[in-house]
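Please open the model and keep it beside this note.

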Amino acid sequence: MTAEDHVVPQRAMTHAKGDPVAPSHRLLASWRRSEEYGVPLDGVDPAWAGSISTDSLFYECGQAVLAGLHKTLVDEPLSLMLTDADGLVLDRVSGDTSLLRALDRVHLAPGFAFSERDAGTNGLGMALADRTPSLVRAEEHYSAGLAIYTCAAVPVLNPVTGDLEGCVNLTTWSRSSAGLLLALAESAATSTSALMLARSGGHAPRPPARGGVFRVQRARLEPASGTLRAMSTSWTEAQAATTRALHDGHVVAAVGEPGSGRATLLGQALRAAHPRIRILSADVPAPDDVEAWLSLWTPELAKPDTAVVVENVDLLPAWAAQELYARASSAVASRAGASGTLTWAVTARDLDSVPAPLAALVGTVVPVLPLRERPDDVLALARWAAHQTRMREIDLTPAAERALLAHDWPGNADELVRVVHDAATRAETIDVRHLPPAFSASGPRLSRLETVERDEIVRALADPGRSVAEAAAELGMSRATIYRKLRHYGIRRPG
């Protein structure tokens, strides 16, 4: 069996005349990445990021360009979309209601993530991954659920900094002509960049990505190269205790500092305790999004063999905790006599902060130590994060390893993953010069006061849904000052 035989999907592709078509190298590479990511072949699992931020120059200009283009294509079976750099759909317009309904069924809608990591090979995912215009036809999609569409997407770069802002994506039915689709997308992307340049004077920086606040993961075998290995004794003991508790039917609370790996621990333990289970991870969103958040994912509770991980449950409003408890109880009752069971787990700072009545469900509490108390995990996590960025092994120089080990990680594992991810996007071998200035031994050393200030900024930005402006207000800083401090300390906002 060749490497190409192993790559899925195993679907024949043909020209319009019926002649077989060999997949391109780019397409094969995208399929391989999709397989590594564990994307299901038969459908797209939702990953929702909450309400969309429209406070960016990219959104302002891209939305204006798409609105103008839509006026000339209002009668065409075509959907025009704008996404951010992580594949989150920000805007979508179309005059074809049947196409919009179909796109809703596969979650290709505002608020949902559609990168390769989330949905496998698709037009916008390939365009963002390769940073080049991409056309993905029908059967070229990794997931069969997208095979009825053809997508063309073109990345949009910031005309001043060169940073990837997002992409313009055009989607139509697979039976429709795709001849001009990519050209239209390229025109819209070029117009967006040009409009950004014209309007760029004095505009606020682009808001950071929000990240998913609920996603569904199906049972799958993890590729060995993409797993966390050689972790510390404290981590493996916590994982073993969590696995035993979940296997025995207990509701588990993984408690500790945000970013310490609580949700990762629960995910690993769930896979070990229930290999065939379907995991639904729901991270509590900003307060204004909680009602929509509950409505979007709680219907999944009625499906058999589903496990639920509610992250940061201590941030859930009391009314929402009561509503979640009621919906879960209803789901359990509806599944009485069925083959499936409802398995629960939550993350929080400590058990006392878990809102009633959810706290009463908890049968086992597993503490997760902060990363500064698990130095043996630093390099294992760093190598894993680098691999996840490029989907291949990335080396670290001895100087980079020493710098990572010397850092006290106020943002825990989440901070480490962000730092290494950023470095891995810019280097084949990560050296200390690819890390933020605070990691450089040759750079200015922080005073005790500066260290406290840096740690307080990281803490203020750690809570989900917290904006830079809100963090600045809490710390008594102006918005301009906190942005200057972020640059000075090399802090990247959580995604």
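This is a predicted model: local features need pLDDT of at least 70, side-chain atom pairs count only at pLDDT 80 or more; totals for chains, interfaces and linings use all residues.

1. Look at the open sheet of 7 strands. Its order is β1-β7-β9-β10-β11-β8-β12, and the pairing is mixed. Which strands are the edge strands? They are β1 (47-48) and β12 (362-367), and each of them pairs on one side only.

2. Strand β8 (residues 251-255) pairs with β12 in the parallel sense, over 5 bridges. To find the place by eye, look for Ala-254, which stands opposite Val-366 in β12.

3. Two helices lie across strands of this sheet. Helix α8 (residues 233-247) lies across β8, β11 (342-348) and β12. The angle between α8 and β12 is about 170 degrees. Helix α10 (residues 290-297) lies across β1, β7 (214-217), β9 (278-283) and β10 (306-311). Its angle to β9 is about 175 degrees.

4. Follow the loop between β11 and β12, where Pro-357 lies. Is the peptide bond from Ala-356 to Pro-357 cis or trans? It is cis, with omega near 5 degrees. For comparison, most peptide bonds are trans.

5. Turn to strand β2 (residues 78-84). How many of its 7 residues are buried? The count is 7 of 7. Both faces are covered. Leu-78, Leu-80, Leu-82 and Asp-84 are buried on one side, while Ser-79, Met-81 and Thr-83 are buried on the other.

6. Check the partners of β2. Strand β6 (residues 164-173) pairs with β2 in the antiparallel sense, over 7 bridges. In that pair, Asp-84 stands opposite Gly-166. Strand β3 (residues 89-94) also runs antiparallel to β2, and 5 bridges join the two. There, Thr-83 stands opposite Val-89. The hairpin of β2 and β3 has 4 residues between the strands. Gly-87 in this hairpin takes a positive phi, near 85 degrees.

7. Move on to helix α12 (residues 378-390).

8. After α12 comes Met-391, with a positive phi near 60 degrees.

9. Most residues other than glycine have a negative phi. Trp-409 is not a glycine, yet its phi is positive, about 50 degrees. You will find Trp-409 in the loop between α13 and α14. Asn-412 is not a glycine either, and its phi is about 65 degrees, again positive. This residue is in helix α14.

10. Are Trp-409 and Asn-412 buried or exposed? Buried means under 20% relative accessible area. Trp-409 has 1%, so it is buried. Asn-412 has 0%, so it is buried too.

Note on methods. Residues are numbered from 1 along each chain as its sequence is written. Side-chain values use heavy atoms; hydrogens and water are left out. Buried means under 20% relative accessible area, exposed over 50%, partly exposed in between (1.4 Å probe, protein chains only). Two strands pair if DSSP finds at least two bridges between them. Contact means heavy atoms within 4.5 Å. Axes are lines fitted to C-alpha atoms, for helices over the stretch in contact, and angles run from 0 to 180 degrees between N-to-C directions.
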